[in-house]
Amino acid sequence: MGDKANFNNWFDSNNKEFFNSFQNFISSYNSDDQSKINEQINNTMKESIKSWKAFVEKDNEKNIDDFSDIFSEILTSSYDNLNKNFSILNDNINETFESHDSGKLDAVLSFVKNLYENEISKVFSLPQIGLSRAYQEKINQTLDKYLIFQTSVYEFIYMLYIPIEQTLEFLKDNAEFSAGFTLEDDRIYEKWLTLLEKNYMNLFHSEKYNKVFSKTVESLSEFRTARNDIVQDVLKVFGVPVNKDMDELYKEIYNLKKRINSLEKNK
Amino acid sequence: MNMSMDETLKGFTNYFKNSLNITNKVKDLIDQPLNTKISETPYEVIYTEDRVKLKHYKVPEGIKKKVNVPLLVTYALINRETMLDLQPKRSIVKNFLEKGVELYMIDWGYPSMKDKYLTIEDHVCGYMDNIVDFIRVRENVQKINLMGICMGGTFSAIYASLFTDKIKNLITTVTPTNFDTKQGLLHVWMKDLNVDSMVDDYGNIPGDLMNFGFLLLNPARLMLDKYKGFARNIDNKPFIENFVRMEKWIFDSPDVPGETFRQFIKDLYQKNLLIKNQLIVGDRRVDLKKINIPVLNFYGKNDHLVPPEACDKLIEEVGSSDVENVCLNTGHIGIYVSSKYQNVFVPKITEWLSERDSFKKV
């Protein structure tokens with residue numbers, strides 16, 4: 001038998017079975033007899049399974065066990081592919097680990113940053129599909145922006161720590177300090193503070209600091225924007241006006257006020 | 001002698017422990033009430049528009065007016081004008097009144113989200129111009145004197161250029177007009193700031209965020225040494241009262257309307273358009289050469305926020321020949337809160353205005 005004929009046979013018989021079962025079910029439901037209802041449900045289930053089994057065996061000359069084998073084969077193959085991809089990612093991470101200089105804190109921070117930007121963030125950029133595609137994409141973006149912000153903040157905090165570390169070196173080399181000073185004797189403190197201030201000024205004027213500072217401010221804004229986007233989606237479900245709605249309103253009020261003021265001034 | 005890091009930290013902790021043994025002193029302090037009120041000089045609010053108010057400070061009875069042309073003070077949108085009346089014994093406002101100078105002062109208020117679209121034009125050609133017109137009508141004069149502080153000075157310079165017929169004398173204090181300098185950290189930091197992402201995200205720029213930025217300008221002094229000084233003077237009641245007053249003012253920071261912030265950073269800090277006479281406000285170009293009135297320009301030699309290089313070019317760029325730069329040996333706030341410099345600042349302005357005080361009634 002050809003494919004089309006097979007399908008038509010299956011479709012007709014299935015329709016017939018379904019229609020009969022549905023009719024029996026409705027009549028038994030009206031009869032208030034619980035055991036009859038149960039019997040009808042069981043029958044319907046059995047008929048459905050029979051239909052599926054017949055459909056699978058008819059055309060492919062395979063029994064139901066073969067069908068589960070096919071399913072398992074698909075799953076195994078998908079898993080293997082996924083595993084292979086993660087293994088590549090894992091190798092990349094290992095490679096980055098091996099190449100970094102673990103002796104210095106700034107090297108560690110730079111390593112974490114590179115690791116995230118070059119490897120981990122790829123996961124959040126995977127295209128999403130399906131009904132919830134847009135929402136999943138927003139969640140991924142927010143996670144991505146949050147982690148970028150976190151790495152920037154760590155780097156920023158570390159930079160702010162550098163002058164403290166440098167001045168501690170000064171204290172380390174100063175014998176007087178070990179004796180302990182009082183408020184009446186501020187010499188070491190003043191020296192240390194002036195040095196700290198100087199080190200901060202040097203840092204703040206450096207190009208590297210400016211880069212990290214700008215990146216931190218920018219990544220915070222980007223994270224907040226992405227997060228607000230999700231919050232707005234949630235609020236919309238409950239009919240709560242969101243920032244976008246309010247902004248439109250503010251803009252309208254702003255423009256209206258400007259027009260009124262201009263009319264009043266020119267009258 | 002080389003100490004280990006542990007020993008260093010121990011020594012450091014001991015130092016602070018010894019220095020800050022303040023428990024008993026704090027007990028004495030909390031037993032007596034403190035007066036930490038600010039802005040105590042009486043005033044009347046005589047005009048309001050949206051969030052903006054106009055304060056009027058009258059010369060006390062018995063003191064003769066030394067300057068007849070009304071003086072309008074325009075403060076910045078960052079922090080509040082209460083700085084001019086911070087301490088009863090060190091109040092710029094009180095000093096002016098005692099010298100016979102009546103004051104009008106703009107209180108910009110606290111912007112809310114509905115103010116996020118307000119631009120520099122809305123502040124200068126809107127609120128400021130409405131206030132100037134209100135004072136001109138109230139006082140029955142053609143022109144008034146204008147004094148701007150910091151960003152308020154930049155607004156005042158823009159205003160004086162656009163409304164030359166309404167201003168008699170211009171005083172700018174710690175006012176940035178040339179933004180192309182590396183002397184001040186703000187100028188360095190603002191160059192690469194992605195202001196669009198900030199404004200798009202926040203709407204208005206939060207005052208707390210800006211305060212944090214200001215603290216970062218000098219963490220050693222502003223986050224550490226300042227509070228060590230506080231602890232050290234914990235039994236000094238007047239010191240503590242004034243310290244708390246200053247803290248109240250510093251951290252009373254309204255948000256800045258987003259679009260104004262965006263334009264201020266992009267057109268001024270990043271492109272330096274004002275001094276190049278290329279700044280566009282609304283649909284008008286700001287030409288500093290049009291300022292053909294007397295200009296008195298104050299700035300602080302040790303001002304790290306608005307360094308001398310950011311201030312001192314203004315008088316070369318205006319169209320007037322009656323101009324003067326006054327550089328005081330202090331910082332950004334010192335001009336207003338230090339009694340030493342108040343005693344220079346207020347008399348100088350009073351004399352300068354008084355010498356140029358001829359005026360016409362409308």
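How many helices and strands does chain B have? In this predicted model, chain B has 15 helices and 10 strands, where helices (H or I, at least four residues) and strands (E, at least two) are DSSP runs numbered from the N terminus. Because the model is predicted, local features need pLDDT of at least 70 and side-chain atom pairs count only at pLDDT 80 or more, while totals for chains, interfaces and linings use all residues. Residues are numbered from 1 along each chain as its sequence is written, chains are lettered from A and ligands numbered from 1 in the order in which they are written, and side-chain values use heavy atoms, with hydrogens and water left out.

Chain A has eight helices and zero strands, and from the N terminus on its elements run α-α-α-α-α-α-α-α. Of the 267 residues of chain A, 26% count as buried; the term buried means under 20% relative accessible area, exposed means over 50%, and partly exposed lies in between (1.4 Å probe, protein chains only). In chain B, buried residues make up 59% of the 362 residues. Chain A exposes about 18600 Å², of which carbon and sulfur atoms supply 57%.

Among contacts in chain B between residues at least 6 apart in sequence, 79% join residues at least 24 apart. The corresponding share in chain A is 58%. One residue of chain A, A:Ile157, has its place in helix H5 (residues 133-172) of that chain. A:Ile157 counts as partly exposed because its relative accessibility is 49%. Between A:Ile157 and A:Val212 lie 55 residues in sequence and 9.9 Å in space, C-alpha to C-alpha.

In chain B, both faces of strand E3 (residues 71-74) are covered. On one side B:Leu71 and B:Val73 are buried, and on the other B:Leu72 and B:Thr74 are buried. Two strands pair if DSSP finds at least two bridges between them. Strand E3 of chain B runs parallel to strand E4 (residues 103-107) of chain B, to which three bridges join it. B:Leu71 has B:Leu103 as its bridge partner in E4 of chain B. Together with helix H3 (residues 92-98) of chain B, these two strands make a right-handed β-α-β unit. A crossover is right-handed if, with the strands pointing away from the viewer, the path from the first strand over the helix to the second runs clockwise.

Strand E3 of chain B is also joined by four bridges to strand E5 (residues 144-149) of chain B, again in parallel. In E5 of chain B, the bridge partner of B:Leu72 is B:Leu146, and that of B:Val73 is B:Met147. Six of the six residues of E5 of chain B are buried: B:Ile144, B:Leu146 and B:Gly148 on one side, and B:Asn145, B:Met147 and B:Ile149 on the other. Over five bridges, E5 of chain B pairs in the parallel sense with strand E6 (residues 167-173) of chain B, where B:Thr173 is the bridge partner of B:Ile149. E5, helix H5 (residues 151-162) and E6 of chain B make a right-handed β-α-β unit.

Rolling a probe the size of a water molecule over the atoms shows where empty space is left. On a 1 Å grid over the protein atoms alone, a cavity is a set of points where a 1.4 Å probe fits but cannot get out, whereas a pocket is an open set with protein on both sides within 12 Å along at least five of seven lines; lining residues have an atom within 4 Å of a point. Grid points are joined across faces, edges and corners, and a volume is the space filled by probe spheres set on the points. The structure holds four cavities of 30 Å³ or more, and the largest cavity has a volume of about 40 Å³. The residues that line the largest cavity include B:Tyr75, B:Asp107, B:Trp108 and B:Pro254.

The second largest pocket has a volume of about 590 Å³. Of the 24 residues that line this pocket, the closest to its centre are A:Lys257, A:Lys258, A:Asn261, B:Asp122 and B:Gly126.

Terms used. Contact means heavy atoms within 4.5 Å. Accessible areas come from the Shrake-Rupley method with a 1.4 Å probe; for residues, only the protein chains shown count as cover.
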